[in-house]
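Thank you all for coming.

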Amino acid sequence: MRFACVQYDMLWEDKAANHAIIERMLHEAKLTQGTFVLLPEFGDTGFSMDLNRIADDQTLQWGCNLARKLSVFIQPGFARQLQADESPPGRNCAAIIAPDGAVLGEYQKVQPFSYGKESQFYSGGDHLLIRRCGDAIACPLICYDLRFPELWRLATLAGAEIFTIGASWPAARQQHWRSLLIARAIENQVYVVAVNRTGTDPHLQYAGGSIIISPKGEVLAEADDRPIVLQTDVDLNALRAWRSEFPALKDIRRGLLGSITVDSAN
């Protein structure tokens, strides 16, 4: 199965302009049907805390239309506003959309980035999402979730074979981004497909570094800090063969792990 990471510099809180950038890049990339297209965290607004400006249905509607038009899977990142009496009032979300435009499921970021004040505006989700996309069993995660390996382990034990993580990861900690992604792939014997934005917003600089990693920790494709649609194929049979040859996952002592609800429809 083919995966494509769309790395670009977002225009701040301007959905229409960012949609135009993404559509142009995907048109130029000449995607094959059935490709899984991964967009960064808050991919059409930037990492904004202004829910009144960015939380609406436009992102999902646009994503569904684009998935149908291109016959691809798409994982967009967007904000959702909760009921008025809930605090914090927002959720940081990623959805998986099928090539027919159907929303297969929505993941809400479990770990808001408190250091960046995200937790003052967005509350954490309470479940993981796993969906079959073509031949792949995919689990979407978002940015800061990368620093919490228990989420990855629990999703792996629930059947995940590929993690698709969209991020707005600051350039100041770019080395952590790359190192942790490779570690997550190795320890869970999974493919990791990770997209990060590039450019700047009113607060931070971003260095891109989108990357696709094999279950053995091999870097299959990697971007620098320039806009790019980073593409490669992944071999699910190779993943399953490696897990059989080196069955480290069978040695996990499940009783020492915590638990989380897993929304799985495979």
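Which residues of helix 4 (residues 149-157) are buried? Before I answer, please keep in mind that this is a predicted model, in which local features need a pLDDT of at least 70 and side-chain atom pairs count only at pLDDT 80 or more, while totals for chains, interfaces and linings use all residues. Residues are numbered from 1 along each chain as its sequence is written, and side-chain values use heavy atoms, with hydrogens and water left out.

The buried residues of helix 4 are Leu151, Trp152, Leu154, Ala155 and Thr156, where buried means under 20% relative accessible area with a 1.4 Å probe, protein chains only. Helices here are DSSP runs of H or I with at least four residues, and strands are runs of E with at least two, both numbered from the N terminus. The cover over these buried residues includes strands 7 (127-133), 8 (136-142), 9 (162-167) and 10 (191-196), together with helix 5 (174-188) and helix 6 (236-245). Just after helix 4, Gly159 has a positive phi of about 120 degrees.

Seven strands make up an open, mixed sheet in the order 14-13-10-9-8-7-16, two strands being paired if DSSP finds at least two bridges between them. At the edges are strand 14 (219-222) and strand 16 (261-265), each of which pairs on one side only. Strand 13 (residues 211-213) runs antiparallel to strand 14 and is joined to it by three bridges, with Ile211 standing opposite Glu222. Helix 5 packs on this sheet, touching strands 9, 10, 13 and 14, with contact meaning heavy atoms within 4.5 Å.

The whole structure has three cavities of 30 Å³ or more. The largest has a volume of about 100 Å³, and its lining includes Glu41, Lys109, Arg147 and Trp169. The second largest cavity, of about 50 Å³, has Glu41, Asn92 and Leu141 among its lining residues, and strand 5 (90-97) and strand 8 each give two or more residues to that lining.

Note on methods. Buried < 20%, exposed > 50% of the residue type's maximum accessible area, 1.4 Å probe, protein only. 1 Å grid on protein atoms, 1.4 Å probe; cavity = no way out; pocket = protein on both sides within 12 Å on 5 of 7 lines; lining within 4 Å. Points joined across faces, edges and corners; volume = space filled by probe spheres on them. Axes fitted to C-alpha atoms, helices over the stretch in contact; angles between N-to-C directions.
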